[in-house]
Each structure stands twice: as structure tokens, then as C-alpha cells.
Amino acid sequence: MTPPLAVDIDGTLTGPSRAVDPRVMSVLQEWDDHVVVATGKAFPYPVALCEFLGIPITVIAENGGVVAVAGEEIVFTGDPDSAWAVAEAYEEAGFGLGWDEPDFVNRWRETEIAVALDQPLDPLERIAADHGLEVVDTGFAYHVKTPEVDKGKGLEAVAHTLERDPAEFVAVGDSENDVATFETAGRSFAVANADDSALAAADEVTEASYADGFLEAVDRIETE
Ligand SMILES: O=C(O)COP(=O)(O)O
Ligand SMILES: [Mg+2]
């Protein structure tokens with residue numbers, strides 16, 4: 001029996017460039033149970049992914065800051081004011097968010113901010129801590145967020161809404177921001193390109209990387 005799925009986007013459904021691998025599309029479209037897209041990306045991105053796939057909108061965005069299930073009220077948690085205060089203080093200290101203008105990474109972000117990986121981490125962590133926030137490195141961006149919010153709590157909320165047990169879910173991901181999902185789901189896979197924290201937290205690690213790793217995990221889920 002196919003379990004419900006919680007899947008990360010960047011580094012898991014994509015290649016290194018963040019382009020979604022077209023082979024994952026039909027897998028997600030044909031999945032026999034719920035597909036929860038659980039990402040650090042800003043809210044509209046996973047919604048658009050579901051929309052273009054033609055699957056129900058069931059998303060955890062911004063590392064858990066936004067939880068949306070079609071037909072239900074959208075739940076926002078997090079502290080956007082503090083996150084933007086961190087961005088301002090970081091810029092005042094002479095640094096920047098590091099994205100090309102227009103900044104499509106943060107433009108529609110509701111609960112946290114993301115900083116490019118080529119920007120200095122130490123001052124960002126220091127300023128975030130001064131505001132009671134933390135920095136999570138997804139391998140694609142530094143996210144400044146409240147420590148109380150994560151994808152695992154997002155999965156609990158989604159499971160509750162769907163009247164399912166979070167332990168029924170299988171999670172697939174690649175980085176630090178997926179660790180909480182791995183701890184909440186009943187079974188978890190890190191793709192081979194995952195960072196050390198995700199590799200350590202996952203029940204299983206695929207031999208293949210990126211979308212190939214996701215497809216390998218699917219194969220194991222379906223055949224074991
Ligand atoms: O937005 C990011 O930095 C990472 O996104 P992801 O959680 O889908 O990998
Ligand atoms: Mg990822």
C-alpha cells in the first residue's frame with residue numbers, strides 16, 4: 001500500500017541548479033495517497049507546483065511557517081517582523097540579502113527571510129540570535145526563522161487536518177530543514193547529496209543523488 005508522502009523540493013525533486021526534474025512530475029501526479037510538498041521556498045512556489053501538477057494543494061512552505069491544505073484556512077506561524085528586522089540590521093552592518101533584483105526569493109515570503117549562501121554567515125547568525133531567531137542552511141539559502149517553526153511541526157499540522165497519523169508518512173529530503181520532517185514521519189529517506197544532518201537523521205539514504213535519489217526512494221517505497 002502506498003503511504004502518504006512528504007517531499008522536499010530543492011535538492012530532492014531537482015538537480016543542483018534547482019530545476020525540477022521532469023521525471024518526478026508523473027510520480028507525484030500518480031501517487032496513490034496524499035502528497036505534501038514541504039519546502040523552505042516562499043509560499044507561492046509549492047502552491048504553483050501542486051497547481052501545475054494538478055494535485056491538491058497540500059503544502060508546508062517557508063520551513064513550516066506556512067501550512068496550507070486545500071479547503072482549509074491557511075496557517076501562518078513565525079515572526080516576519082523580527083525576520084525583516086534582522087534583514088535590515090544585516091544590511092545596516094554592510095551586508096545584503098545577496099539576490100538579484102527583483103528579489104523573487106523573498107518577495108512573497110510571509111514568515112521568514114532567506115539570504116544567499118555567498119553572504120557572510122557569522123554576522124547573520126549573530127544578528128538573528130539578537131532577535132531571538134535562528135539561521136538554517138538548506139544548501140540553497142540561509143533561512144532566518146523562529147526556532148519554534150519547522151517542517152516537522154508543519155507535517156503534524158497537515159496530518160491532523162487530513163485526519164492521518166504523521167507516522168504514516170514517508171518523508172524524502174536533502175538538508176538540515178528536513179531533519180524535523182524525518183523525525184515526525186514514520187519512514188524517512190535522505191538523497192545521497194544530503195547534508196550531514198539530514199544523512200544522520202534519515203532512516204535510509206539513497207545511493208543516487210538529487211531527483212535520481214528521490215526516484216530510487218520511490219522505488220524502495222513501492223517495492224518493499
Ligand atoms: O528554499 C530553500 O532554500 C530550500 O528549499 P527546500 O526546502 O525545498 O529544499
Ligand atoms: Mg531541500
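Author: Start with how elements are named: helices (H or I, at least four residues) and strands (E, at least two) are DSSP runs, numbered from the N terminus. Asp 8 lies in the loop between β1 and α1. This is a predicted model, where local features need pLDDT of at least 70, side-chain atom pairs count only at pLDDT 80 or more, and totals for chains, interfaces and linings use all residues. Residues are numbered from 1 along each chain as its sequence is written, while chains are lettered from A and ligands numbered from 1 in the order in which they are written.

Reader: Why is Asp 8 called buried?

Author: A residue is buried if 20 or more other C-beta atoms lie within 10 Å of its own, exposed if 12 or fewer, and partly exposed in between; C-beta atoms are placed from the backbone. Asp 8 has 29 other C-beta atoms within 10 Å, so Asp 8 is buried.

Reader: What does UniProt list for Asp 8?

Author: The unreviewed UniProt entry lists Asp 8 as "active site". UniProt positions are given in the numbering used here, feature names are shortened, and annotations may be inferred rather than shown by experiment.

Reader: Which residues does Asp 8 touch?

Author: Two residues are in contact if their C-beta atoms, placed from the backbone, lie within 7 Å. Not counting residues up to four places away in sequence, Asp 8 touches Ala 38, Thr 39, Val 172, Gly 173, Asp 174 and Asp 178.

Reader: Which residues does the UniProt annotation "binding site" cover?

Author: In the unreviewed entry, that annotation covers Asp 8, Asp 10, Asp 174 and Asp 178. They are spread over 171 residues of sequence, yet they cluster in space: the largest C-alpha distance is 11.0 Å.

Reader: What makes Asp 174 and Asp 178 buried?

Author: Asp 174 has 30 C-beta neighbours inside 10 Å, so Asp 174 counts as buried. Asp 178 is buried because 36 other C-beta atoms lie within 10 Å. Asp 174 is found in the loop between β9 and α6 (179-184). Asp 178 is found in the loop between β9 and α6 too. Leaving aside neighbours within four places in sequence, the contacts of Asp 178 are Asp 8, Lys 151, Ala 171, Gly 173 and Ala 198.

Reader: Is Lys 151 buried or exposed?

Author: Lys 151 is buried, because 33 other C-beta atoms lie within 10 Å. Lys 151 is found in helix α5 (residues 151-161). For Lys 151, the unreviewed UniProt entry lists "binding site".

Reader: Why does ligand 1 lie between the domains?

Author: Domain bounds come from an automatic or database domain assignment. The protein is divided into domain 1 (5-76 + 149-223) and domain 2 (80-145). Both domains give residues to the shell around ligand 1, so ligand 1 lies between them.

Reader: Which residues are closest to ligand 1?

Author: A residue is near a molecule or strand if its C-beta atom, placed from the backbone, lies within 6 Å of it. 13 residues surround ligand 1, and the closest are Ile 9, Asp 10, Thr 39, Gly 40 and Thr 138.

Reader: What makes Arg 18 and Glu 163 exposed?

Author: Arg 18 has 12 C-beta neighbours inside 10 Å, so Arg 18 counts as exposed. Glu 163 has 6 C-beta neighbours inside 10 Å, so Glu 163 counts as exposed. Phi of Arg 18 is near 80°, a positive value in a residue other than glycine. Glu 163 is not a glycine either, and its phi is positive, about 55°.

Reader: How do you know that the span of helix α8 is close to the expected one?

Author: The expected span of a helix is 1.5 Å times one less than its number of residues. Helix α8 (residues 210-223) has 14 residues and reaches 20 Å from its first C-alpha to its last, close to the 20 Å expected. Among its buried residues are Tyr 210, Phe 214 and Val 218. The buried residues of α8 pack against α1, β9 and β10 (187-190).

Reader: Where is the cis peptide bond?

Author: The cis peptide bond joins Glu 101 and Pro 102, with omega about -10°. Pro 102 lies in the loop between α3 (80-92) and β6 (113-115).
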